[in-house]
Amino acid sequence: MTTTIVPETSLHQIVQLGNPVLRQIAEPIYSFQDPGLQQLIDELLGTLHRSNGVGLAAPQVGISRRLMIVASHPNARYPHAPKMDPIPMLNPKILHRSHRLVKDWEGCLSVPGIRGLVPRSDAIDMAYTDRTGQRQQQCFTGFVARIVQHEYDHLDGKVFLDRVESSAELITDQEYLKQFA
Ligand code: ZN
C-alpha cells in the first residue's frame, strides 16, 4: 500500500512524560478498514519522520489505541540504527521473548533529553495485524527487537524509565551523542 504524503498541519504533537495517556492500557482496534485509522497511520508515519524517531506508539500522540510504528533508520538521534521499511502494527502481541537479555541505550520522544540503559530480549516473535487487515507473524532481533519492545510497552502504559535498573544508568542526550555517536 502506498503511503500518502501528509501535510505538515495534520502532524501530531507528541505528548510528554506526565501526561496520563502514557500510563493507560491502550484499547484494541476493531475496525481495520476505517478511513480514519488509515489516516491516523499516515499521520503517525509523518510525525515520526519529522521527529527523528525510530518508533512511535499511538498513545504518544494522545490516542489510547493499540497501534504502533516500528521504523528503524539511521538519523540524528540514532546514527547507527539499521534501515528498514516502516511497519505499522495493529493489536500487536509478543508471542515469545528470548531469555537472553541485552542492555543498550534507549531514548523516547515522550521523554526528551534523557537516555537510559534498558535490558531487553534480543529476539522476539510478534503477531500483529498490518494496515490492510492481514494478520502477520514476524521475528525481530537486535536493535529492531528493542524498538518493538519499547513501543509495545507504550501500549501497556509503560515507559523505558520503568525498566532502567539504576539512576546511574541515565544520561542526557547531549552526553550520549558526545560519548557514543
Ligand atoms: Zn517511547
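In strand S3, Met 89 is the bridge partner of Met 68. The structure is a predicted model, in which local features need pLDDT of at least 70, side-chain atom pairs count only at pLDDT 80 or more, and totals for chains, interfaces and linings use all residues. Residues are numbered from 1 along each chain as its sequence is written, and side-chain values use heavy atoms, with hydrogens and water left out. Helices (H or I, at least four residues) and strands (E, at least two) are DSSP runs, numbered from the N terminus. The points below cover the sheet, the helices, the zinc site and some single residues.

**The sheet**

- Five strands form an open sheet in the order S1-S2-S3-S6-S7, with antiparallel pairing; two strands count as paired if DSSP finds at least two bridges between them.
- S1 and S7 (135-141) stand at the edges with a single partner strand each, so one side of each has no neighbour in the sheet.
- From one strand to the next, the twist averages 40 degrees; axes are lines fitted to C-alpha atoms, for helices over the stretch in contact, and angles run from 0 to 180 degrees between N-to-C directions.
- Four bridges connect S2 and S3 in the antiparallel sense, and Val 70 has Ile 87 in S3 as its bridge partner.
- S3 and S6 also run antiparallel, joined by five bridges; Arg 97 has Ile 124 in S6 as its bridge partner.

**Helix H1**

- H1 covers residues 35-51, which is 17 residues, and reaches 24 Å from its first C-alpha to its last. This is close to the 24 Å expected at 1.5 Å a residue, where the expected span is 1.5 Å times one less than the number of residues.
- At the N-terminal end, Asp 34 caps H1 with a side-chain oxygen 2.9 Å from the backbone nitrogen of Gly 36.
- The buried residues of H1 include Leu 37, Leu 40, Ile 41, Leu 44, Leu 45 and Leu 48. Buried means under 20% relative accessible area, exposed over 50%, and partly exposed in between (1.4 Å probe, protein chains only).
- An α-helix has 3.6 residues a turn, so residues three or four places apart point the same way.
- The buried residues of H1 pack against S1, S2 and S3 (87-97), with contact meaning heavy atoms within 4.5 Å.
- The direction of H1 makes about 40 degrees with that of S2.

- H2 lies across S1, S2, S3, S6 (123-129) and S7, and runs at about 160 degrees to S2.
- The zinc ion has Cys 108 (SG), His 150 (NE2) and His 154 (NE2) as its protein donors, 2.1 to 2.2 Å away. Donors are N, O and S atoms within 2.8 Å of the metal (3.2 Å for Na, K and Ca); water is not among the atoms, so sites may look incomplete.
- The spacing of the donor residues in sequence is C-x41-H-x3-H.
- Cys 108 in strand S4 (residues 101-108) and His 150 in H2 (residues 142-155) are 42 residues apart, and the pair links distant parts of the chain.
- Both Cys 108 and His 150 are buried.

**Two residues with positive phi**

- Most residues other than glycine have a negative phi, and most peptide bonds are trans.
- Asn 52 has a positive phi, near 60 degrees. Asn 52 lies in the loop between H1 and S1 and is partly exposed, with a relative accessible area of 30%.
- Asn 91 has a positive phi, near 45 degrees. Asn 91 belongs to strand S3 and is buried, with a relative accessible area of 17%.

**Two loop residues**

- Ser 64 sits in the loop between S1 (55-57) and S2 (67-70). With a relative accessible area of 13%, Ser 64 is buried.
- The side chains of Ser 64 and Gln 24 make a polar contact (3.4 Å). A polar contact is a pair of N or O atoms within 3.5 Å; within protein, one must be able to donate a hydrogen and the other to accept it, and residues adjacent in sequence count only if both atoms are side-chain atoms.
- Not counting residues up to four places away in sequence, Ser 64 touches Val 21, Gln 24, Ile 25, Ala 26, Glu 27 and Pro 59.
- Thr 132 lies in the loop between S6 and S7 and is partly exposed, with a relative accessible area of 33%.
- The side chain of Thr 132 makes a polar contact with that of Asp 130 (2.7 Å).
- Thr 132 and Gln 33 are 99 residues apart in sequence, and their C-alpha atoms are 7.4 Å apart in space.
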